[in-house]
Amino acid sequence: MAVPELTARSPFVALPAPRILPRLAGVGIVVLSLACMGFMVRQAEKSAGLVADKGTLVVKRCEERGRSGGRYSSDTYDVCFGSFQADSGRAMRDGAWIRGWYVVGEKVRVYREGDRCQPVSWRFFWGRLAFFFAGLMMVAFGLMTTVVGHRAKTAEEIRASWEALRRTSAGPYVSWLLRTGGAGTAACTVLSLVWS
């Protein structure tokens with residue numbers, strides 16, 4: 001059995017010297033991730049019904065629509081149309097629509113954005129929070145790239161980057177962000193799948 005210390009090949013990967021371009025890319029990833037997380041929090045808030053223009057959409061008809069994605073691909077989606085009645089009783093709109101397939105006559109809890117309605121549902125709330133927590137993991141990745149100063153491409157480089165990161169003061173924070181993001185994404189994904 002060969003002992004790694006006595007062989008010519010080291011079990012550890014030597015990291016390249018930190019460079020400014022990967023560090024700037026890491027900062028960009030952090031900023032973009034934080035912006036997406038803010039957007040997802042706002043969408044989750046709306047899905048929970050914490051929005052002014054919410055009410056009920058009474059479905060009158062549904063249809064399947066096609067969207068051409070080029071020469072060899074196309075995508076179809078379902079759209080239902082109906083009348084929107086605001087909870088306040090002031091707004092009544094006949095041309096409202098929502099993506100998805102519903103039964104004619106069904107009353108769907110929604111909030112309105114222009115003519116389009118979005119569902120008010122705990123399933124959508126948890127789904128959007130899952131993306132928020134996934135954003136935490138992207139923040140951790142961006143911080144690791146910023147601190148270490150290079151982009152890891154292989155499994156060995158990722159392992160070496162983690163070892164280099166643990167020796168810095170940012171290491172515990174990045175680990176905390178990764179654990180929280182992973183646990184939050186998993187929990188919210190499960191809740192979005194089982195919640196009706």
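Begin by selecting Leu129, Phe132, Leu165 and Cys188, which have the most contacts inside the largest nonpolar core, a set of 20 residues. A nonpolar core here means buried Ala, Val, Leu, Ile, Met, Phe, Trp, Tyr and Cys residues joined through side-chain atoms within 4.5 Å, where buried means under 20% relative accessible area, exposed over 50% and partly exposed in between, with a 1.4 Å probe and protein chains only. Helices are DSSP runs of H or I with at least four residues, and strands are runs of E with at least two, numbered from the N terminus.

The model is a predicted one, in which local features need pLDDT of at least 70 and side-chain atom pairs count only at pLDDT 80 or more, while totals for chains, interfaces and linings use all residues. Residues are numbered from 1 along each chain as its sequence is written, and side-chain values use heavy atoms, with hydrogens and water left out.

Now centre on Leu129, which touches Ala44 and Cys188, not counting residues up to four places away in sequence; contact means heavy atoms within 4.5 Å. Apart from this core lies another, of twelve residues, among them Val59, Cys62, Val110 and Cys117.

Then follow α2 from its start, where a side-chain oxygen of Ser121 reaches to within 3.1 Å of the backbone nitrogen of Arg123. Just after α2, select Gly149, which takes a positive phi of about 90 degrees.

Show α2 and α3 together: they pack at an angle of about 75 degrees, with their axes 10 Å apart, which makes α2 roughly perpendicular to α3. Axes are lines fitted to C-alpha atoms, for helices over the stretch in contact, and angles run from 0 to 180 degrees between N-to-C directions; those under 35 degrees count as roughly parallel, over 145 as roughly antiparallel, 65 to 115 as roughly perpendicular and the rest as oblique. Here Met144, Val147 and Val148 in α2 meet Ser161, Trp162 and Leu165 in α3.

Finish at Gly28 in helix α1, a partly exposed residue with a relative accessible area of 37%.

Technical notes: A polar contact is a pair of N or O atoms within 3.5 Å; within protein, one must be able to donate a hydrogen and the other to accept it, and residues adjacent in sequence count only if both atoms are side-chain atoms.
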